[in-house]
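Good morning, and thank you for making time for this presentation. I would ask you to keep the sequence and the structure in view while I speak.

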Amino acid sequence: MVAKFQPLLPRFLAKFKINTETECWEWTAGRYRDGYGAFGVGGRAGGNKRAHRVSYELHCGPIPNGMLVCHQCDNRICVNPEHLFLGTSADNLADMTIKGRRARVGHPGVSNPSSKLTAEDAMAIRDAVDVPIGTLMKRYDIGRSVVFGIRAGRLWTHLPRPEDASDFLNRSSTEVGN
Ligand SMILES: [Zn+2]
């Protein structure tokens, strides 16, 4: 199983370009009619799989039965695992509905008017490494990829380390209210 699975990764990694503005990994190989990327699995079984689902499996692990792999970034050709999250179809609809209120991937946090989190929240999330992701998602009403993004330093990239946090917060309260 491992021997069959491993050669997929280098082939997969050759089939997208990184959009430096959005950090989306944009699929450059074939596409399905509905706009999602298509990855030829190869081997005797052949056939195509949805590229974003393959990316999720390669980087994050198996997709539980019946679950969708959804895009935080709304970019169907994106295969960046940090922009993907597991959801039910109900989650996907809810996500699309509230998207406007969400922190968007690739924006630096509080300077984004649609951000729901304060810098203080984001720092608390970043530093709560022993708190389960599901708990943080409920506590702050945010998506999994936002938690991942903060932890990976991709969102709220300008956050200071804890030692100079109070200084930062004092400064930012005057800078943010523009
Ligand atoms: Zn993306």
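Let me begin with threonine 28, which sits in the loop between β2 and β3, the latter spanning residues 38–40. Please bear in mind throughout that this is a predicted model. Setting aside residues up to four places away in sequence, threonine 28 touches Lys15, Phe16 and Lys17. For lysine 17, which is 11 residues away along the chain, the C-alpha separation from threonine 28 is 6.9 Å.

I turn now to the chain as a whole. There are eight helices and six strands. Read from the N terminus, the order of elements is α-α-β-β-β-β-α-β-β-α-α-α-α-α. The chain has 178 residues, of which 25% count as buried. If we take contacts between residues at least 6 apart in sequence, 48% of them join residues at least 24 apart.

Next, the nonpolar cores. Which residues form the largest one? That core has 12 residues, namely Phe12, Phe16, Cys24, Trp25, Trp27, Phe39, Ala51, Val54, Cys73, Ile77, Cys78 and Val79. Strand β2, residues 25–27, and helix α3, residues 51–59, each contribute at least two residues to this core. A second, separate core has 10 residues, among them Ala119, Ile125, Val147 and Leu155.

The contacts of tryptophan 27, apart from neighbours within four places in sequence, are Lys15, Phe16, Gly37, Ala51, Ile77 and Val79. Phenylalanine 39 belongs to strand β3, and phenylalanine 39 counts as buried because it has 25 C-beta neighbours inside 10 Å. Beyond four places in sequence, phenylalanine 39 is in contact with Phe12, Lys15, Ala29, Asn48, Lys49, Ala51 and Val54.

I move on to the helices α5 and α7. Helix α5 covers residues 119–127 and helix α7 covers residues 144–151; they pack at an angle of about 80 degrees, and their axes are 9 Å apart. The two helices are therefore roughly perpendicular to each other. Which residues make the contact? From α5 they are Ala122, Ile125 and Arg126, and from α7 they are Val147, Ile150 and Arg151. Sorted by class, this contact comprises four nonpolar residues, two charged residues and no polar ones.

Within α5, the buried residues are Ala119, Ala122, Met123 and Ile125. Viewed down the axis of α5, these buried residues fall within an arc of 160 degrees, so they line one face of the helix.

In α7, burial applies to Ser145, Val146, Val147, Gly149 and Ile150. What do the buried residues of α7 pack against? Their partners are strand β6, residues 84–87, together with α5 and with α6, residues 133–140. After α7 comes glycine 153, with a positive phi near 75 degrees.

Strand β6 brings us to phenylalanine 85, which is located there. Phenylalanine 85 is buried, as 24 other C-beta atoms lie within 10 Å. Phenylalanine 85 and arginine 144 are 59 residues apart in sequence, and the distance from C-alpha to C-alpha is 6.5 Å.

My final topic is backbone geometry. Most residues other than glycine have a negative phi. Two residues in this model may be set beside that rule. Glutamate 23 is not a glycine, yet its phi is positive, at about 65 degrees. Glutamate 23 is placed in the loop between β1, residues 16–18, and β2, and it counts as partly exposed, with 16 C-beta neighbours inside 10 Å. Aspartate 141 likewise is a residue other than glycine with a positive phi, near 55 degrees. Aspartate 141 is found in the loop between α6 and α7. Is aspartate 141 buried or exposed? Aspartate 141 is exposed, since 12 other C-beta atoms lie within 10 Å.

That concludes my presentation, and I thank you for your attention.

Conventions: Residues are numbered from 1 along each chain as its sequence is written. This is a predicted model: local features need pLDDT of at least 70, side-chain atom pairs count only at pLDDT 80 or more; totals for chains, interfaces and linings use all residues. Axes are lines fitted to C-alpha atoms, for helices over the stretch in contact, and angles run from 0 to 180 degrees between N-to-C directions. Helices (H or I, at least four residues) and strands (E, at least two) are DSSP runs, numbered from the N terminus. Angles under 35 degrees count as roughly parallel, over 145 as roughly antiparallel, 65 to 115 as roughly perpendicular and the rest as oblique. Two residues are in contact if their C-beta atoms, placed from the backbone, lie within 7 Å. Ala, Val, Leu, Ile, Met, Phe, Trp, Tyr, Cys and Pro count as nonpolar, Asp, Glu, Lys and Arg as charged, and the others, Gly among them, as polar. A residue is buried if 20 or more other C-beta atoms lie within 10 Å of its own, exposed if 12 or fewer, and partly exposed in between; C-beta atoms are placed from the backbone. The arc is that of the directions from the helix axis to the C-beta atoms. A nonpolar core is a set of buried Ala, Val, Leu, Ile, Met, Phe, Trp, Tyr and Cys residues joined through C-beta atoms within 7 Å.
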